[in-house]
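Let's take a look around this protein together. Have the sequence and the 3D view ready, and follow along one region at a time.

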Amino acid sequence: MTKKPIKPSLQEVVEAEGHLIDSHIMEQIFDAVVQHNGRFEVQHFHIGKTNADPSRLRLRVEAPVREDLDKMLSTLLGLGCTPVDASDAVFSRVERDKCAPEDFYSTTNHRTLVRKGGEWLVVENQRMDALVVWADGKPWARRLRDIKAGDEVVVGMRGIRVIPESKERDRLSFAFMSNGISSERQVETAVRQTAAMVRQAKENGLKVVVVAGPVVVHTGGAKPLAALIRKGFVNALLAGNALGVHDSEAAIIGTSLGVRLSDGRLAEHGHRNHMRAINAIYHAGSIRGAVAQGKLKKGILYECVVNNVPFVLAGSLRDDGPLPDTITDMNEAQDAYAEQIRGAGLVLCLGSMLHSIATGNMLPGWVKTVCVDINPAVATKLSDRGTGQALGVVTDVGMFLELLEKNLQEAK
Ligand SMILES: NC(=O)c1ccc[n+]([C@@H]2O[C@H](COP(=O)([O-])OP(=O)(O)OC[C@H]3O[C@@H](n4cnc5c(N)ncnc54)[C@H](O)[C@@H]3O)[C@@H](O)[C@H]2O)c1
């Protein structure tokens, strides 16, 4: 069978700049072209001579049909390739609230610039799965549900430049990792590196945000996490109802899911203990009220309250209670999470698939993330967000927290 000739119009010349080789971006660019039934020709390639020096690539790509070329360009854009004849970004007016033009540009979590009036401008509030809106003289990443009639949003792929993070250049954070996920035997190294990242974030005046699931309490991690909060290593805590419930149960009754934390034995009628804890918080009106009334005297949330560390408890369909502090409107809960991660330099995701992935989706790619989970799939999912800044640690979260607290304590 003879191959159809490729029409000359179905081609584009793109350019990319950055740590293209050691971040493996180059091979991803070539793969993307081939995957979309295309062909490429390297017109120019300059290799960065030092570890600070970026490489530069100019590539002509072509595809047999328009659909393939569009999909290819969209993938290439996410890998940092910009069409050479970049004109200004095209903006289109939104007709109805929450309804975007069909060809709207959907953001990645990488730093993004759009061109307007010949000038490249950095998109504010970068996050993935958002639109780019022009407001107050700047481009902003904004969620679909926040789009209003009359907004000007970017459509198509012209005049957009994406700058992917470079993975291996950040030697401090990821030097010991070959694939971004550490196994059990590397845990002590992972703890040391995490402690270094906590200290670095603090030194740079950036927030350390902890995302935690109830397994932190079940595995004995509440004590070291509470200590980290008390000692000022945590700037915000993001969790769900369950963390609040089991932390209160542990603090008020001394059990977690009915299991005595002192000796690991099942307490008599222990299954009702988490309900008794929820009841106690209801009597006090809120977590804060329970602290004020002396009902809650220790634990993760107690330390948050007394040290003025903001916490957000997001609701879910499986919640008991929920606690009066739990935000059951999911849009509101997402907003509250987004508010707390603003200004974050490091996010520690500890034993909660739901909240870790939810937080990961809100973060710009350059914020460092450490995900600790016993299930490698969760750590992989988070570090696969197309960022070089995520580190997965496959281990028991209680043990990890104990080691982390010890490490940060020793270094003080
Ligand atoms: N009583 C309640 O109200 C209640 C109880 C449980 C969960 N929930 C709610 O359900 C939702 C999901 O809960 P979730 O975040 O616990 O579940 P999840 O399934 O999203 O996450 C739990 C994670 O913990 C990991 N894990 C298990 N043991 C571990 C260990 N020893 N060390 C490290 N990681 C470990 C699992 O692999 C999993 O990824 C939340 O909103 C939560 O608040 C409510």
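## The largest pocket

The largest pocket holds about 550 Å³ of space. Here a pocket is an open set of points on a 1 Å grid over the protein atoms alone, where a 1.4 Å probe fits, with protein on both sides within 12 Å along at least five of seven lines. Points are joined across faces, edges and corners, and the volume is the space filled by probe spheres set on them. Rolling a probe the size of a water molecule over the atoms shows where empty space is left.

Which residues sit closest to the centre of the largest pocket? They are P214, A242, S316, R318 and H355, out of 24 lining residues, where lining means having an atom within 4 Å of a point. The elements giving two or more residues to this lining are α5 (215-218), α7 (241-252) and α12 (353-362), and α7 gives the largest share, with five residues. Helices (H or I, at least four residues) and strands (E, at least two) are DSSP runs, numbered from the N terminus.

## Where the model comes from

This is a predicted model, in which local features need pLDDT of at least 70, side-chain atom pairs count only at pLDDT 80 or more, and totals for chains, interfaces and linings use all residues. Residues are numbered from 1 along each chain as its sequence is written, and side-chain values use heavy atoms, with hydrogens and water left out.

## Domains 1 and 2

The chain splits into domain 1 (1-85), domain 2 (86-164) and domain 3 (171-411), with bounds from an automatic or database domain assignment. The centres of domain 1 and domain 2, taken over C-alpha atoms, are 23 Å apart.

Together, domain 1 and domain 2 bury about 930 Å², 59% of it on carbon and sulfur atoms. Buried area is the accessible area (1.4 Å probe) that two parts lose on being put together, summed over both.

## Salt bridges

The structure has 18 salt bridges, each a side-chain nitrogen of Lys or Arg within 4 Å of a carboxyl oxygen of Asp or Glu. One of them pairs D88 with R115, with the closest N and O atoms 3.1 Å apart. D88 is in the loop between β4 (82-83) and β5 (90-93), while R115 is in strand β6 (residues 111-116), 27 residues apart.

## A backbone detail

Finally, look at G321 and P322: a cis peptide bond joins them, with omega about -10°.
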